[in-house]
Each structure stands twice: as C-alpha cells, then as structure tokens.
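Visitor: I would like to go through the annotated site and the strand beside it. Please show me the model.

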Amino acid sequence: MNIDEIHTPVLLERCVELLAPALDQPGAVLVDATLGMAGHSEAFLTRFPGLTLVGLDRDLEALSIAEERLKPFRDRIHLVHTVYDGIQDALDTLGIEEVQGVFFDLGVSSLQLDRVERGFSYSKDAPLDMRMDNTSDLTAEKILATYSESELRRIFHEYGEEKLAARYAKAIVEARATAPLLRSAELVAILTKVTPVVVQRTGHPAKRVFQALRIEVNQELSVLERAIPAALDAVAVHGRIVVEAYQSLEDRIVKKALARVSTSSAPAGLPIELPEHKPLFTQLIRGAELASEEEKARNPRATSVRLRAAERLRRAG
C-alpha cells in the first residue's frame with residue numbers, strides 16, 4: 001500500500017507554520033491527538049529534529065500503519081491506543097506534565113473511508129459498522145436495530161442536521177420490523193425511497209444520515225467536548241494548539257472552547273484589567289481559516305476544512 005496515494009494531509013504547510021514557534025523550543029513535545037496514518041506527524045518530526053511526538057488514535061489499523069511509517073523516528077515517538085479525550089491519561093502514563101503543541105485533524109480518516117468493509121461510505125455496499133475503534137461494541141447496525149424511532153430522529157436531526165429526520169426514522173423502524181438492516185446498500189435504498197425527487201437533486205439522501213450514525217457510533221461530539229479542554233490544559237505557556245474540523249458541529253465545539261480561554265474574565269465596566277482576568281490564550285487566526293482553491297483542487301478532503309489555532313499566554317492563578 002502506498003500511503004501517500006491514499007492520504008494527503010490537509011493544510012500541511014500551514015499547520016507546520018502555525019506550530020513552528022512552539023515546536024522549535026528545546027525538548028518540545030507535540031501531541032497528535034488524531035494520529036491516523038501520520039502524514040502530519042511525519043512532517044512535524046522531519047522538520048523539528050528535537051521534537052518528541054505523542055500520537056493518539058482509537059483505530060488499531062491506523063496505529064499499525066503509523067508505527068511503520070514513523071520507524072525512522074522510533075526513538076522520539078510514543079504511540080497510544082486511546083480516544084483523544086484520553087489525552088491527559090496518556091500524558092500522565094508517560095510522565096509528561098505539559099506539552100508545547102497539540103494537533104487535531106478531526107473527522108473520518110482517508111483510511112477509514114477507503115476501507116469499504118468498514119461501512120463509512122454510503123456510496124459503496126458494506127456491513128453497517130462505522131466503528132473507528134473495532135474493539136468497541138456499538139455499531140451502526142446495532143443502532144438501527146435497537147434505537148427507538150424518537151432516538152433515531154434525534155440523532156439524525158442533531159448530528160446530521162437532517163430536515164427529513166422524522167421521515168427517515170419512521171421508514172427505518174418500519175423496514176426493520178420485516179428484516180434487520182445489515183448492509184449500507186439496504187439503508188441507502190430505504191432512505192432514497194422516501195426522499196422526494198426534488199430533494200434528491202440537491203444531494204445524496206443518505207449523506208447526513210451516515211454522518212449522524214458515524215458520530216453516534218463513535219461518540220465524536222461528546223468526546224470532542226471533553227478533549228479540547230483537556231488538550232488546552234496540557235499546553236505550556238507559549239505552546240500552541242491547532243485544530244482542523246470538517247463539519248459545523250465539530251467546528252462549533254472548537255470555536256466555543258477557544259473563545260472561552262481567549263476572552264478576558266474581567267467584570268464589565270472595570271476600569272483596569274487585573275492580571276488574573278487576562279485571557280489564558282490568544283487566537284492566532286481570526287475566525288476559521290479555509291483551504292485555498294488550489295489546495296481544494298489538489299486534495300478534495302480540504303474542501304470543508306475549518307482551521308483554528310491558539311497560543312497560551314499564561315497559566316491560571
């Protein structure tokens with residue numbers, strides 16, 4: 001397998017540029033919280049010869065590929081099988097008190113999308129799995145078989161932002177009464193059948209439902225809500241965090257977390273901002289940065305990316 005052919009890191013040079021002032025420090029440690037196939041991490045380790053990497057991933061196949069790819073740097077890496085909200089436990093186990101950089105590249109990876117049998121893609125028939133960590137118990141098949149109509153409607157609405165959530169939930173419950181849903185093509189057929197033709201012209205009817213199922217299977221949003229504050233706590237003074245998000249729900253969580261730590265806590269109307277009220281972080285990008293048209297053409301995965309970054313100014317207290 002040629003890793004470079006199936007995985008092109010998104011906004012690689014920009015991520016290196018944003019993290020460089022922190023990773024150039026002597027003894028710098030970077031947590032790649034979403035290691036994947038290590039495209040970004042390989043570049044970080046190459047550019048910064050003194051850097052130590054802590055790579056986290058819930059996907060055992062990805063960790064195996066990353067380990068092979070990062071063999072030239074084996075003396076400077078620690079790879080950990082964990083979901084990214086386990087960042088503090090991973091650092092505690094390694095005896096690392098704080099880090100100079102944290103990097104997140106969120107969402108489903110190229111590896112997971114390209115492995116048809118893992119069921120992430122609505123365009124290819126496969127078992128309804130969608131687990132990023134195949135040692136976990138919950139699958140899309142189990143959700144479709146056991147969740148109530150109201151629960152299905154909720155996740156399609158909240159995680160897929162799907163306007164036809166109620167219609168889709170009803171159709172699934174009716175279909176499973178006859179036979180269990182085992183494969184992605186079966187689910188796509190059910191969704192397509194109850195989707196008005198005019199709506200089908202605006203996009204694939206299964207896209208948002210598959211996104212919602214994937215998020216529910218992997219608890220992506222609840223994990224992210226815990227992971228970003230944990231990552232921020234681990235960042236040393238003058239250290240930096242860089243996050244790439246690919247859908248609005250993820251980006252909203254990141255945006256709120258960064259806003260919270262980069263805003264003064266001084267009461268309104270106070271004539272002077274006391275040191276203890278000053279922001280803990282400063283945001284390095286105004287709003288979210290998008291990929292250029294050239295990068296989107298070169299790497300379609302960059303089309304929806306939203307890049308945010310911040311630097312720690314001080315410790316609380």
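Visitor: Which residues does UniProt place under the feature "binding site"?
Guide: The coordinates come from a predicted model. The annotation itself comes from an unreviewed UniProt entry. That entry places "binding site" at Ala38, Gly39, His40, Asp57, Tyr84, Asp105 and Gln112.

Visitor: Is Ala38 buried or exposed?
Guide: Ala38 lies in the loop between β1 (29–32) and α3 (39–47). Its contacts beyond four places in sequence are Ala66, Arg69 and Leu70. Buried means under 20% relative accessible area. Ala38 has a relative accessible area of 0%, so Ala38 is buried.

Visitor: Which backbone oxygen does the side chain of His40 reach?
Guide: His40 lies in helix α3 and is buried, with a relative accessible area of 4%. Leaving out residues up to four places away in sequence, His40 touches Pro9, Val10, Leu12, Cys15, Phe103, Asp105 and Glu244. Asp105 also carries the "binding site" annotation in UniProt. At 2.9 Å, the side chain of His40 reaches the backbone oxygen of Val10.

Visitor: What is the hand of the β-α-β crossover from β1 through α3 to β2?
Guide: β1 and β2 (residues 52–57) run parallel and are joined by four bridges, with Val29 opposite Thr52. The chain passes from β1 through α3 to β2, and this crossover is right-handed.

Visitor: Which residue in β4 is the bridge partner of Leu30?
Guide: β1 also pairs with β4 (residues 99–105), in the parallel sense and over three bridges. Leu30 and Asp32 point one way from β1, Val29 and Val31 the other, and all are buried. The bridge partner of Leu30 in β4 is Gly101.

Definitions and conventions:
Residues are numbered from 1 along each chain as its sequence is written. This is a predicted model: local features need pLDDT of at least 70, side-chain atom pairs count only at pLDDT 80 or more; totals for chains, interfaces and linings use all residues. Side-chain values use heavy atoms; hydrogens and water are left out. UniProt positions are given in the numbering used here, feature names are shortened, and annotations may be inferred rather than shown by experiment. Helices (H or I, at least four residues) and strands (E, at least two) are DSSP runs, numbered from the N terminus. Buried means under 20% relative accessible area, exposed over 50%, partly exposed in between (1.4 Å probe, protein chains only). Contact means heavy atoms within 4.5 Å. A polar contact is a pair of N or O atoms within 3.5 Å; within protein, one must be able to donate a hydrogen and the other to accept it, and residues adjacent in sequence count only if both atoms are side-chain atoms. Two strands pair if DSSP finds at least two bridges between them. A crossover is right-handed if, with the strands pointing away from the viewer, the path from the first strand over the helix to the second runs clockwise.
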